[in-house]
Amino acid sequence: GQITEAFGMTQTELETSPRNPICNVEPLVAHKIPMMAVVGQCDQTVNVCENFDKLESRIHELGGSITVERRNFWGHHPHGLDDPERLLDFHCNAL
């Protein structure tokens, strides 16, 4: 596919690469780094099921947690939240 060609890697190499966030989230969980994600449920650039949902599951499998804001009817853009209060609350509470 386009991603394997862009990175010059096989699908298996991509899925097991230490550069893949799904494979590299263990240190974040182990050090209890607060994590938050804003996810456009209609993202056609980055498939939510094949990417973020797997990352979220991996975080939970490792005993970690992540705050997730799922934006229905939103795609890859625009990034962020219309009202930044939830993001600011997350950051303030993470201190």
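Is arginine 86 buried, partly exposed or exposed? Arginine 86 counts as partly exposed, at 43% relative accessibility; here buried means under 20% relative accessible area, exposed over 50%, and partly exposed in between, with a 1.4 Å probe and protein chains only.

Before we go on, a word on the model. It is predicted, so local features need pLDDT of at least 70 and side-chain atom pairs count only at pLDDT 80 or more, while totals for chains, interfaces and linings use all residues. Residues are numbered from 1 along each chain as its sequence is written, and side-chain values use heavy atoms, leaving out hydrogens and water.

Let us stay with arginine 86 and look at its partner. Arginine 86 forms a salt bridge with glutamate 69, with the closest N and O atoms 3.2 Å apart; a salt bridge is a side-chain nitrogen of Lys or Arg within 4 Å of a carboxyl oxygen of Asp or Glu. This pair links distant parts of the chain, as arginine 86 sits in helix α5 (residues 85–94) and glutamate 69 in strand β2, 17 residues apart. Helices (H or I, at least four residues) and strands (E, at least two) are DSSP runs, numbered from the N terminus. Glutamate 69 counts as buried, at 19% relative accessibility.

The whole structure has six salt bridges. Another of them joins arginine 70 to aspartate 53, with 3.1 Å between the closest N and O atoms. Here too distant parts of the chain are linked: arginine 70 belongs to strand β2 (residues 67–71) and aspartate 53 to helix α4, 17 residues apart. Asp53, Glu56 and Arg70 are linked in a network of salt bridges.

The largest nonpolar core has ten residues: Val25, Val29, Met35, Ala37, Val39, Val48, Phe52, Leu55, Ile59 and Ile66. Such a core is a set of buried Ala, Val, Leu, Ile, Met, Phe, Trp, Tyr and Cys residues joined through side-chain atoms within 4.5 Å. Two or more residues come from each of β1 (36–40) and α4 (52–61), and α4 gives the most, with three.

Finally, visit asparagine 20, in the loop between α2 (11–16) and α3 (26–30). Asparagine 20 counts as buried because its relative accessibility is 17%. A polar atom of its side chain lies 3.0 Å from the backbone oxygen of leucine 14, and a polar atom of the side chain of asparagine 20 lies 2.9 Å from the backbone nitrogen of isoleucine 22.

How values were computed: Polar contact = N/O pair within 3.5 Å; in protein donor to acceptor, adjacent residues only side chain to side chain.
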